[in-house]
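Colleague: I am new to this structure and would like to understand the words used for it. Could you take me through them one at a time?

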Amino acid sequence: MQYEVDRNRSSNGEPSISEMTGKAINILKRNTNGFFLMVEGGRIDHAHHDSKGAFALEETLAFEEAISTALEMTDKRDTLIIVTADHSHVFSIGGYSNRGNDILGLVDPFDAEPSLDGMPYTTLSYGNGPGTNFTAGRQNLSDIDTRSFDYIQQSAVPLKYETHSGEDVPIFASGPVSYLIRGVQEQHYVAHVMQYAACVGDYTNDCDRQIETVQTCAAFHISYKRSILLISFLIYSIVS
């Protein structure tokens with residue numbers, strides 16, 4: 001599918017990820033036994049691999065709208081929503097820019113931490129990727145439109161495509177047993193929480209329990225005799 005900024009928004013065009021999320025929920029909620037839905041913001045990853053930060057940020061905003069749609073269309077008393085990623089990217093935010101300085105622009109003021117080569121630099125850059133390589137001599141960005149969606153951020157190591165990175169990624173949750181999503185966890189733990197919430201897999205015979213969870217400062221007693229709806233959002237890459 002096209003990037004959000006390139007998407008044909010006419011009636012004959014492509015739906016947004018938010019619209020697809022809403023449509024999926026409308027169809028799946030007809031099942032009174034509950035449902036599982038995974039929504040993936042996969043084009044965030046594509047943009048990062050091409051070192052196109054502007055595209056990656058716009059795709060992240062589109063993904064945020066999809067999450068908002070899911071929250072609006074479901075009830076947190078019976079719907080567990082999990083938002084996480086499978087990896088991050090070597091995407092960094094640097095410099096001492098003034099508050100309000102364009103995130104896609106050059107670092108301002110330059111004299112706060114001037115570059116050793118005397119040339120301006122962007123707030124956003126990549127550790128590796130297809131962008132102009134530092135070791136080969138940086139491109140002078142004085143007359144370059146770094147806000148363009150076609151601009152490729154500079155990178156430290158020249159590669160055909162930018163790579164994933166290895167740091168931990170955040171995970172957020174709301175709804176039944178969302179209190180189990182906290183701190184640092186191994187990846188497989190997330191799947192166990194989802195099974196536990198929905199009484200499936202290893203917890204198929206454990207649906208008569210009652211738990212107490214706190215949502216918006218109110219306590220709800222949830223009987224797991226009623227089915228739990230699960231929506232899992234997978235961000236294929238996040239800005240980190």
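Predicted model: local features only at pLDDT ≥ 70, side-chain atom pairs only at ≥ 80, totals over all residues.

Colleague: Let's start with the helices. How do you know that the reach of H1 is close to what is expected?

Modeller: Helix H1 covers residues 17–28, which gives 12 residues. From first C-alpha to last it reaches 16 Å, and the expected value at 1.5 Å a residue is 16 Å. H3 can be checked in the same way: its 21 residues reach 31 Å, close to the expected 30 Å.

Colleague: Which residues of H1 are buried, and what puts them on the same side of the helix?

Modeller: The buried ones are Ile17, Ser18, Thr21, Gly22, Ala24 and Ile25. Around the axis they cover an arc of only 165°, so they sit on the same side of H1.

Colleague: Why is H2 described as largely enclosed by the rest of the structure?

Modeller: Because 6 of its 8 residues are buried. In H2 these are Gly42, Ile44, Asp45, Ala47, His48 and His49.

Colleague: What makes H2 and H3 roughly antiparallel?

Modeller: Helix H2 (residues 42–49) and helix H3 (residues 53–73) pack at an angle of about 170°, and their axes are 8 Å apart. Angles over 145 degrees count as roughly antiparallel, so H2 is roughly antiparallel to H3. On the H2 side the contact is made by Arg43, Ile44, Ala47 and His48, and on the H3 side by Phe55, Ala56, Glu59, Thr60 and Phe63. Among these, Phe55, Ala56, Glu59 and Phe63 also belong to the buried residues of H3.

Colleague: Now to charges. Why is the pair of glutamate 4 and arginine 7 called a salt bridge?

Modeller: Side chains of opposite charge can pair when their charged atoms come close. The cut-off for a salt bridge is a nitrogen within 4 Å of a carboxyl oxygen. For glutamate 4 and arginine 7 the N to O value is 2.9 Å, so the pair meets the 4 Å rule. Both of these residues are buried.

Colleague: Why are aspartate 75 and arginine 77 called partly exposed?

Modeller: Buried means under 20% and exposed over 50%, with partly exposed in between. Aspartate 75 has 28%, so it is partly exposed; arginine 77 has 42%, so it is partly exposed too.

Colleague: What makes the phi of valine 177 worth a mention?

Modeller: Most residues other than glycine have a negative phi. Valine 177 has a positive phi, near 55°. This residue lies in the loop between strand E8 (172–174) and helix H4 (187–198), and its relative accessible area is 0%, so it is buried.

Colleague: Where else is phi positive, near 55°?

Modeller: Cysteine 199 has such a value. Its place is the loop between H4 and strand E9 (210–215). With 9% relative accessibility, cysteine 199 counts as buried. Serine 51, which follows H2, has a positive phi as well, near 60°.

Colleague: Which residues does a cis peptide bond join?

Modeller: Aspartate 108 and proline 109, with omega about 15°. Most peptide bonds are trans. Proline 109 is in the loop between strand E4 (91–93) and E5.

Colleague: And is serine 142 buried, exposed or partly exposed?

Modeller: Serine 142 has 46% relative accessibility, so it counts as partly exposed. This residue is in the loop between strand E5 (124–129) and strand E6 (155–158). Its C-alpha is 6.6 Å from that of proline 120, although the two are 22 residues apart along the chain.

Terms used. Residues numbered from 1 in each chain as written. Heavy atoms only, no water. Helix = DSSP H or I, 4+ residues; strand = E, 2+ residues; numbered from the N terminus. Expected span 1.5 Å × (residues − 1). Buried < 20%, exposed > 50% of the residue type's maximum accessible area, 1.4 Å probe, protein only. Arc of directions from axis to C-beta. Salt bridge = Lys/Arg side-chain N within 4 Å of Asp/Glu carboxyl O. Axes fitted to C-alpha atoms, helices over the stretch in contact; angles between N-to-C directions. Parallel < 35°, antiparallel > 145°, perpendicular 65-115°, else oblique. Contact = heavy atoms within 4.5 Å.
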